[in-house]
Every structure is written in structure tokens, then in C-alpha cells.
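Dear colleague,

I am passing on the structure below, together with some notes on its salt bridges. Please read the notes with the coordinates open beside them.

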Amino acid sequence: MTLDAHAFMETITKRIGFTDEDKAILKANATWGKDIAPEMANHFYAYLGRDPEMSEILNAKEGRMHRLRETFTQWFYEMFTGMDDWGNAYADRRWRIGLVHVQIGIGPQHVVPAMAIVVNAVGQKLKEADKNEELRDALSLICMIDLAFIEQAYIEVTSAAVLQETGWTEGLFKRLIATGAGSM
């Protein structure tokens, strides 16, 4: 159950309807995205920092918060540039970001609401800058693609760990999950 980040990017891009027009809109607004990125990092980490569990994780190591803010700022800007037109390098980077979330313990239950805070803050900035709805829509799509990578990292890491520890086949594991979900 190892994720092919390139295939996942292609599939999720088609599934969500992220188009060349969306890419062009984001690229045309890359400078604006870079300018607001640090403020969006502040919103993201202010939200996470209010939770005692997350605050402990975020501050567990000297300099972690600084590095996380820098990474978030770069990540946010990359949503506008696509790095390589939202291709393989973009997919690889998003996969690595998802794995880091898993490694340090920032789970989907924390990331998804924190991203909702950012999306709301971006919406306010869009209004202040008199930006159009097309930019909001394109940014929403790429945010959802990026969140899909983070959530998929949790699924992939968890599944791989269970398969390794139990020796089960992938087919058996999927049947057990489906059966378990059906009984809840």
C-alpha cells in the first residue's frame, strides 16, 4: 500500500476538477500569495497553538515552530506557483509534507480545522484586495488537493504499519476495514 505520489496527484487533480485555468489564475496571483503567506502561517499556528496537545507537539523541540512557519509560508506560496506546473515535484513535496505531519503528530483532526481557519482568513484577504471569485475557487481546489495528500499520508502509514506488524495481506486488511466499518 505504498502511495505513488505522481499518480495520486493526477487522479485527485482530475477528480476535483483542478484545471489549467485554475493554474493560470493562481500563477497570476503568486506575488499576492507570497505576500500574505506569513500572515496565513500565523493564523494556522495560532489556531493549533490554542490546543494543549498541539502546543506541546509544536514546541517539543527547539526551533520547531520557526521551521514549521517557514515551511508553511513556502508551502502556501507553492500553491500559487505549482513549482513545476503542479507536476511530479509538487506531488513529491506534498507527499513529504504529509509524512512530516504524521511523524510529528499533527493529525487530520487538527490540520483540517486549522486549514478552515486559513481558508476563512484568505477569504477576508481576497475581499480586502478586491480579488475575484475565480481566485478563491482555484485556491480552494488546490488546498483540498494538498489536504488530500496529508490525509492519505495517515492512511498509508497506518496501513503499512498494520500490514508489517500482522503479516496480513492487503486484501485481508481491506476486507477487515470494510467489515469493521459496516458493523459501526
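Which side chain does Asp137 meet in a salt bridge? The partner is Arg136, at 2.9 Å from N to O, where a salt bridge is taken as a side-chain nitrogen of Lys or Arg within 4 Å of a carboxyl oxygen of Asp or Glu. Asp137 is partly exposed at 36% relative accessibility, and Arg136 is likewise partly exposed at 36% (buried means under 20% relative accessible area, exposed over 50%, and partly exposed in between, with a 1.4 Å probe and protein chains only).

This is a predicted model, in which local features need pLDDT of at least 70 and side-chain atom pairs count only at pLDDT 80 or more, while totals for chains, interfaces and linings use all residues. Residues are numbered from 1 along each chain as its sequence is written, and side-chain values use heavy atoms, with hydrogens and water left out.

By the salt-bridge rule the count comes to 11. One of them joins Arg94 to Glu78 at 2.6 Å, N to O. Arg94 lies in helix H6 (residues 88-104) and Glu78 in helix H5 (residues 64-85), so the pair ties together parts that are 16 residues apart in sequence; helices here are DSSP runs of H or I, at least four residues long, numbered from the N terminus. Arg94 is buried at 2% relative accessible area, and Glu78 is buried at 6%.

Within helix H7 (residues 108-128), Lys125 and Glu128 stand three residues apart, about one turn of the helix, and their side chains form a salt bridge at 3.6 Å, N to O. Lys125 counts as buried at 19%, whereas Glu128 is exposed at 60%.

Best regards

Definitions and conventions. Helices (H or I, at least four residues) and strands (E, at least two) are DSSP runs, numbered from the N terminus.
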